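Colleague: Could you walk me through this model? I would like to start with how the chains meet and then look at the fold.

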Amino acid sequence: MRQSFHVIAISVFALFLTSCEEEYIPVSSGEGPEYVVEGYLEAGDNPTPPYLILTKSFDFYGAFGPDEFNDSFVHDAEVKVSDGTLEITMQEICFFDLDSTVRELLAEQFGLNADSLTINFCVYIDLLNQLQPQAGKTYDLMIAVDGDTITSTTQIPPRVPLDSLKFEPPPGDPNDSLAQLTCYISDPAGDKNFYRYFVATNGGQLKTGFSSVEEDLFFDGKSFGFQLFNPETESGDVDPEEFGLYFVGDTVTLKWCTIDEANFDFWNTLEFAKSNQGPFSSYTRIQSNIIGGLGVWGGYSVSYYTLEVAY
Amino acid sequence: MRLFLQRTILAGFMCFMSLAGHAQARHTISGYVKDDQTGETLIGANVYLESDAKTGTVTNTYGFFSMTLPEGVHRIVVSYLGYQHHIEEVNLVSNVNLNINMVQGIEMQEVVVAAKGEEEDENVQSTSMGRVSLPIEQIKVLPALLGEVDILKTIQLLPGVSSAGEGSAGFYVRGGGADQNLVLLDEAVVYNSGHFLGFFSVFNSDAIKNTTLIKGGIPAVYGGRLSSVLDIQMKEGNNQNFQGEGGIGLISSRLTLEGPIVKGKSSFLVSGRRTYGFDLAQPFIRQTDFAGTNYFFYDLNAKMNYQFSQKDRIYLSGYFGRDVLTFAQPGRDFEFTLPYGNATATFRWNHLFTEKLFFNLSAIYNDYQFKAGFDQEEFNFDIFSGVRDFTAKFDFDYFPSNDHQVKTGIHATKHRLTPNIIRGSAGDTEFENTATAKYANEYAIYIQDDWKINPWFRVNLGLRGTLFQQTGPYTSGINGEVYETGEVVQTYSSLEPRIFINTTLNPNASIKAGVTSTTQYLHLVSNSSSTLPADVWVPSSEIVKPQRGWQYAAGYFQNIRRGMYEASIEAYYKSLQDQIDYRESYVDNSVDQVENEFVFGSGEAYGLEFFIRKNSGKLNGWIGYTLSRTDRTFPDIENGRTYPTTYDRTHDLSFVSNYNISPKLIAGVVFVYATGKSYTPPERVYLIDGELQTDYGPRNSQRLEPYHRLDLSLTWIPNPTSKKNFTSEWVFSVYNAYNRQNTFFLYTDYETDLQSGTAEVKAYKVSIFPILPSVTWNFKFK
């Protein structure tokens with residue numbers, strides 16, 4: 001609501017006031033960097049093996065190059081994951097240490113070109129997929145590095161697949177080259193359910209839009225249809241007429257996930273913090289489920305759907 | 001037992017009557033003080049004996065006074081800022097009704113400010129503290145943003161009052177929150193006093209008679225807010241002659257009509273204002289993809305009164321205002337509508353039981369509604385919020401003797417507060433959130449006595465008792481208990497002592513001190529840097545406790561050169577309990593009961609205020625300076641670290657002046673300087689999902705650069721002595737005359753390219769109001 005209000009407010013200003021902006025350098029309190037965790041566990045369709053990226057934050061302000069990025073990766077950490085009965089230790093692998101085939105696969109996963117990549121990405125990964133995450137289980141994370149301890153917990157909730165999905169003509173003026181995606185779901189009654197979605201077009205990288213998470217407070221226990229925006233059209237360069245719509249003839253892959261509340265809170269605050277800039281806005285602190293650092297440790301119950309944009 | 005009761009009652013009655021003192025050979029002079037041209041009653045006029053200025057009184061909110069004197073001949077002086085002194089000789093052999101018609105002091109259309117006499121230094125002699133009245137004529141000649149004369153922006157120029165932001169009509173008083181100001185229009189609470197995201201106030205200056213800000217010693221007659229009272233009275237309407245006035249400006253146009261219904265007995269006033277910038281742009285907007293987009297706001301004030309007899313008169317007044325925004329994108333079949341605004345209605349009956357006992361009954365209705373609607377093909381939803389009150393007030397002014405002025409009364413209000421209720425549909429499926437309207441009853445009983453103990457010592461003793469009940473229908477969010485309509489869910493009560501003393505050092509100087517206890521049962525919590533119309537008022541409930549505050553203040557007051565100058569130094573300390581804020585990482589998804597997102601803490605504010613005002617002569621105005629600190633501590637925010645509020649200003653200086661260059665020309669100058677707003681700095685960035693995210697440092701730990709601005713105005717009256725039925729003037733204003741780039745907001749911008757391994761992080765500050773000239777044409781006719 002407030003986001004919409006701010007958009008309107010900014011538009012109104014833009015119409016008849018001349019604003020002026022200039023760059024400024026905020027004063028840092030010099031508290032130093034924090035550990036940043038970005039780790040995922042997937043259950044359900046075609047799950048990605050559990051992996052975790054461990055970095056350090058940068059001071060705010062300035063330009064960063066490959067050296068700064070490479071230096072931000074935290075190496076030689078002991079990263080353990082436990083589901084209560086099984087505990088595994090993730091292995092650190094770095095991009096430049098991989099053979100070219102694996103490197104290509106990994107680069108594709110992140111939507112990058114392996115040949116010209118200048119950052120030596122390092123991840124901690126359950127290489128042998130010993131953990132095999134399952135819906136309904138809770139996974140504890142324990143990281144020990146340089147005398148510091150970082151912990152977190154996530155639950156992979158039960159999978160809630162979509163009932164169906166279809167493309168329809170866009171609202172408003174007739175346009176036979178664009179389509180909107182309508183999904184239908186039966187939300188389980190009683191429990192709080194949280195969802196996140198990704199979209200890939202024509203076999204490309206899975207992407208998220210400005211608002212990729214939703215909770216079921218409005219539609220708890222209901223079966224209903226809703227529109228899912230195309231994240232590909234949400235960048236600033238896209239014609240507003242195409243915003244959120246899909247292009248007829250493309251092949252779209254939708255990754256539909258059920259997540260836990262802490263994971264939802266992280267992405268919800270992250271996306272709100274990004275969009276909630278401008279007049280009247282106050283800062284939003286991203287709500288992390290990491291103790292001893294920033295970031296997210298998230299479990300996903302995943303469903304995939306691939307279909308051609310047509311109606 | 002019965003005998004005991006009778007004796008007790010008799011003793012009490014005797015004791016009460018003794019307040020009247022020497023009843024024998026003393027009689028009461030009572031009546032109303034009015035403007036002779038318009039019949040408007042004058043609030044706060046001084047009425048005193050020419051031979052002994054210490055014997056006197058002040059007219060109340062309805063222009064009524066009562067004074068009891070020994071039998072004999074007395075010369076009564078009546079004075080009021082901007083009017084010629086009126087002297088009336090009275091041979092007092094019995095009680096007398098005396099209605100005084102005051103003549104304006106200087107034959108000029110512009111601001112009229114006359115010197116005061118020593119004897120009428122009310123600001124020195126009275127027990128009131130932190131109280132400033134601003135005549136609307138003085139406000140009208142000051143520079144205004146885009147030519148829109150604005151009461152709320154003018155009160156921000158007083159010490160102890162800070163602005164919510166660049167161009168904003170929102171204000172904070174002595175470190176209190178935006179919701180801690182009781183804003184009254186003819187006694188009706190105005191819950192949202194801003195138009196256009198708060199850039200303009202809802203008060204049309206043409207319809208306003210008097211504005212009083214009480215920032216310190218809030219008398220017991222007022223309650224319900226912690227920090228201040230802004231009491232605005234609408235004009236009653238000219239009961240002598242029909243007249244009109246209006247103006248055409250860059251933003252809006254205004255028209256006010258007033259006149260007698262029955263000459264001398266009854267009058268009416270109708271006043272309207274509407275903006276039209278987007279209406280004029282419609283031919284261009286229709287050619288774009290946003291055809292149908294429009295925005296305007298309007299205000300309508302109306303008032304009438306009727307005097308049935310010397311003892312009875314009624315007033316009926318109302319206000320209706322709306323902001324209406326429509327954002328349309330027909331090509332996407334999309335429409336967003338945003339109507340919101342206030343409606344108030346006040347009925348008042350003044351009745352004089354005796355020459356010493358004045359009674360007022362007020363029946364008040366006020367309704368603030370906010371609605372936002374989204375509509376696209378089969379998907380639509382609406383958000384509603386607002387506050388609706390019904391209030392009854394029974395107030396008595398009792399003048400037992402010249403040494404006592406007693407006010408007492410009972411107030412009762414029935415509240416309905418609508419949080420963000422969302423209803424919508426997607427195709428055949430309807431959905432709504434869990435929010436429901438909340439109901440509450442609020443009662444208050446008060447008594448206060450302004451007591452002149454001796455010529456050099458006065459005390460104002462007040463006590464206000466309040467009771468607040470949250471009522472059903474309601475389902476407890478804690479234990480699921482269901483409450484039926486009217487059933488009490490939660491009860492809170494409070495006893496609020498108000499004590500103010502005045503020690504007069506000499507006729508021109510005094511020392512005052514006061515203690516004010518206040519309780520606030522309705523709360524507005526904002527997650528924005530300023531309050532917005534979408535912010536929701538919530539009642540005290542089983543989750544939310546009342547906010548409570550204590551304010552201690554002391555000051556030295558001095559008048560110089562027979563009141564030509566008035567000066568004061570006031571120090572205050574304010575302690576605030578059960579303050580409310582949103583929890584950290586709050587996201588406004590508008591889906592849940594907003595109270596579930598609150599955290600509770602405490603606050604304190606303290607400061608020194610310096611004020612010097614020149615009241616007369618060609619050059620008049622004031623300088624106000626405040627040195628202050630205000631902070632908050634919430635156990636659930638940053639582990640209880642104490643932090644300054646966003647409206648904490650260490651230094652706040654205002655210079656306000658107008659100069660009558662000639663009868664045809666008046667120049668106005670406003671200069672403001674304030675310590676920069678505090679803000680929460682971005683501290684570090686980190687990579688998530690291939691993009692940089694921001695991590696913020698401690699709350700409000702950095703400050704923007706200082707805010708300063710100069711505004712100028714020139715009012716040109718082509719024919720100041722014209723006796724014609726139609727006269728006009730031009731007001732030229734320049735806002736931000738030296739084009740200071742004051743920061744309005746900050747934002748951050750990132751560019752990340754993982755492929756090349758580069759990223760750039762930048763922060764920008766945005767200022768919105770450059771130098772802004774404006775012109776307004778005002779006219780009057782009769």
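This is a predicted model: local features need pLDDT of at least 70, side-chain atom pairs count only at pLDDT 80 or more; totals for chains, interfaces and linings use all residues.

**Interface and sheet**

Modeller: Across the interface of chain A and chain B, the rule finds seven salt bridges, each being a side-chain nitrogen of Lys or Arg within 4 Å of a carboxyl oxygen of Asp or Glu. Side-chain values use heavy atoms, without hydrogens and water, residues are numbered from 1 along each chain as its sequence is written, and chains are lettered from A and ligands numbered from 1 in the order in which they are written.

Colleague: Which residue of chain B forms a salt bridge with A:E31?

Modeller: Here the closest N and O atoms are 3.9 Å apart. The partner of A:E31 is B:R684.

Colleague: Which helix gives the largest share of the side of chain A that touches chain B?

Modeller: By class, that side of chain A has 45 nonpolar, 29 polar and 16 charged residues; Ala, Val, Leu, Ile, Met, Phe, Trp, Tyr, Cys and Pro count as nonpolar, Asp, Glu, Lys and Arg as charged, and the others, Gly among them, as polar. The largest share is ten residues, from residues 2-16, helix α1 of chain A.

Colleague: How much area do chain A and chain B bury between them?

Modeller: Buried area is the accessible area (1.4 Å probe) that two parts lose on being put together, summed over both. Of this area, 60% is on carbon and sulfur atoms. The total is about 8200 Å².

Colleague: Which strand of chain B is joined to strand β4 of chain A?

Modeller: Strands are DSSP runs of E with at least two residues, helices runs of H or I with at least four, numbered from the N terminus; two strands pair if DSSP finds at least two bridges between them. Strand β4 (residues 58-59) has two bridges to its antiparallel partner, and A:F58 stands opposite B:V685. That partner is β44 (residues 682-688) of chain B.

Colleague: Why is one side of β8 and of β15 in chain A left without a neighbour in the sheet?

Modeller: The open sheet has eight strands with mixed pairing, in the order β8-β9-β3-β2-β20-β18-β14-β15. β8 (91-94) and β15 (213-215) stand at the edges, so each has a single partner strand.

Colleague: In which sense do β2 and β20 of chain A pair?

Modeller: Nine bridges link β2 (residues 35-44) and β20 (residues 294-308), with A:Y40 opposite A:G298. The sense is parallel.
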